[in-house]
Amino acid sequence: MLGRRVPDVTFRTRVRDESIEGPNPFRWQEMTSDDYFKGKKVVLFSLPGAFTPTCSTYQLPDFEKLFPEFQAEGIDEIYCISVNDAFVMNAWGKSQNLENVKLIPDGSGEFTRKMGMLVAKDNLGFGMRSWRYAAVINDGFVEQWFEEEGFSDNCDTDPYGVSSPQNILEKLTEKKAA
Ligand code: BEZ
């Protein structure tokens, strides 16, 4: 993926809209890859599922906490993407009290498939999900790539390390110093 442009995809998000009355003041909002990536330097990380233990206990909260350090390295946004729909992603974000990391729902898996990162997780009853990876993306182009080892369908293990925020920060700092 290094040097390649991220795929052009339309994401279906749900946003709060105060003009809507009643108990569920949300509406659909389409967001494109350009909306997320154009003219910005971002970290994107992708994981197997909202609410899963490693993602909820380490990866997402650590990215959230370390956001100021990423900003100091020139990162404008941190995005977390998962093959989950907008309702699930919003509920996960709420449960994590997120203020810094933005969640992207890739419910149909289109972005993940076009990134070449879609894997079967039928062994867990998950269906098609994302392999764990992260990337530094500058104006839509992949500048740095962090893919966990062992890309495969129905993997027995869930490797996590290369795509941790600590590792990415280290590599960003090394790149700046070089
Ligand atoms: C985890 O994040 O711990 C996890 C991810 C996918 C499946 C099971 C667990």
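**Exercise 1.** Find how far a polar side-chain atom of Thr-54 lies from an oxygen atom of the ligand.

*Solution.* Start with Thr-54: the distance is 2.8 Å. Before going on, note that this is a predicted model, where local features need pLDDT of at least 70, side-chain atom pairs count only at pLDDT 80 or more, and totals for chains, interfaces and linings use all residues. Residues are numbered from 1 along each chain as its sequence is written, and side-chain values use heavy atoms, with hydrogens and water left out.

Then look at Arg-132: an N or O atom of its side chain is 3.3 Å from an oxygen of the ligand. A polar contact here is a pair of N or O atoms within 3.5 Å.

**Exercise 2.** Work out the strand order of the open sheet and which strands stand at the edges.

*Solution.* First, line up the 5 strands (DSSP runs of E, at least two residues): the order is β5-β4-β3-β8-β9, with mixed pairing (at least two bridges between partners). Now check the ends: β5 (102-105) and β9 (141-147) each have a single partner strand, so one side of each has no neighbour in the sheet.

**Exercise 3.** Describe how β4 and β5 are joined, and which strands helix α2 touches.

*Solution.* Begin with β4 (residues 77-82), which runs parallel to β5 and is joined to it by 4 bridges. Within this pair, Cys-80 stands opposite Leu-103 in β5. Finally, helix α2 (residues 53-65; a DSSP run of H or I, at least four residues) packs on the sheet, touching β3 (41-47), β4 and β5 (heavy atoms within 4.5 Å).

How values were computed: Polar contact = N/O pair within 3.5 Å; in protein donor to acceptor, adjacent residues only side chain to side chain. Axes fitted to C-alpha atoms, helices over the stretch in contact; angles between N-to-C directions.
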